[in-house]
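The sequence and the structure come next.

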Amino acid sequence: LTNSCNLHCSYCLRDEDALYHTPANFLSPELLDRILNQARQIMGITSVVFTGGEPTLHPEFARILEVSESNGLKSSFVTNGWHFEKIWPTVLAFRDSLSHIGFSLDGVTAETHDAWRGAGSFVRIVRAFSRCFASNIPFAVKVGIRRDTIQSLEQFALFSARLGASALNFAHIMPTSKEVEDASALTYSERQRADQEIANLSRIFKMKIGIDVGYH
């Protein structure tokens, strides 16, 4: 929905210039309506996922969800949770057409999560989890597998399950620069071990646990 974001996570695969050094661009609701209408007719899609940047920064975010609903589609979006309290009325207004909400998580404590996303981010995202759980709105937790998170995969599962998540999705980070590769990316053997641990967790927990495309 947009090329802008309010956070600056060093491992993010989004283009640095597009995110932080160029004017913000936003997908227009009118163009989205044409895209969804054609995709529904030609491809038979039934749902759409909104990403960014940070999709909730779109100045017409409510209109975006309205367009999706008017096309008879279920929608979801991935967010860092920073502005969740602000968009909460919109979430409630379109809850019937939301399949779920995805939240990006970098740690199961304020210290580990905020190290990547800034002070106060952990508190905001936990509050967002609580709002969704209390209102029976399904939410999924999304975790990037890095050198600092690979040792805590089970802790992420326990934390997500205790807070009422409907799903936990892991994903390997892309080595989009030498700096990211040196600081955070796993070796191939480490990736294999992480994939196996996630497979084990998926058999233990009732909560749906998976890993995004690109796994062993």
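## Charged pairs

At 37% relative accessibility, Glu66 is partly exposed; buried means under 20% relative accessible area, exposed over 50%, and partly exposed in between (1.4 Å probe, protein chains only). This is a predicted model, in which local features need pLDDT of at least 70 and side-chain atom pairs count only at pLDDT 80 or more, while totals for chains, interfaces and linings use all residues. Residues are numbered from 1 along each chain as its sequence is written, and side-chain values use heavy atoms, with hydrogens and water left out.

Glu66 forms a salt bridge with Arg63. The term means a side-chain nitrogen of Lys or Arg within 4 Å of a carboxyl oxygen of Asp or Glu. Side chains of opposite charge can pair when their charged atoms come close. The count comes to 6 salt bridges. Three of them are tabulated here.

| Pair | N to O distance |
|---|---|
| Arg63 – Glu66 | 3.4 Å |
| Glu85 – Arg131 | 3.9 Å |
| Arg146 – Asp106 | 2.8 Å |

Arg63 and Glu66 are separated by about one helical turn, because they lie 3 residues apart in helix α3 (residues 61–70). Helices here are DSSP runs of H or I with at least four residues, strands are runs of E with at least two, and both are numbered from the N terminus. Arg63 is partly exposed, at 34%.

Glu85 is exposed at 56%. Arg131 is partly exposed at 27%.

## A buried arginine

Where does Arg146 lie? It is in the loop between β4 (139–145) and α7 (153–162). Its relative accessible area is 0%, so Arg146 counts as buried. Asp106 lies in the loop between β3 (98–105) and α5 (110–117), 40 residues from Arg146.

A salt-bridge network links Asp106, Arg117, Arg146 and Asp148. The side chains of Arg146 and Asp148 also make a polar contact at 2.8 Å. Such a contact is a pair of N or O atoms within 3.5 Å; within protein, one must be able to donate a hydrogen and the other to accept it, and residues adjacent in sequence count only if both atoms are side-chain atoms. Beyond four places in sequence, Arg146 touches Tyr11, Asp106, Trp116, Ile173, Ser184 and Leu186. Contact means heavy atoms within 4.5 Å.

## Sheet and cores

Six strands form an open, parallel sheet in the order β1-β2-β3-β4-β5-β6. Its edge strands are β1 (47–50) and β6 (208–211). Pairing requires at least two DSSP bridges between two strands. β4 and β5 (residues 167–172) pair over 6 bridges. Val141 stands opposite Leu168 in β5.

The largest nonpolar core holds 47 residues, and Phe77, Phe84, Val91, Phe103, Phe170 and Ile209 touch the most other members. Helix α6 (residues 121–134) gives this core its largest share, 5 residues. Another core, of 6 residues, lies apart from it and includes Leu7, Tyr11, Trp116 and Ile173. A nonpolar core is a set of buried Ala, Val, Leu, Ile, Met, Phe, Trp, Tyr and Cys residues joined through side-chain atoms within 4.5 Å.

Ala194 lies in helix α9 (residues 188–204). Ala194 is buried, at 1%. Among its contacts beyond four places in sequence are Ile145, Ile150 and His172.
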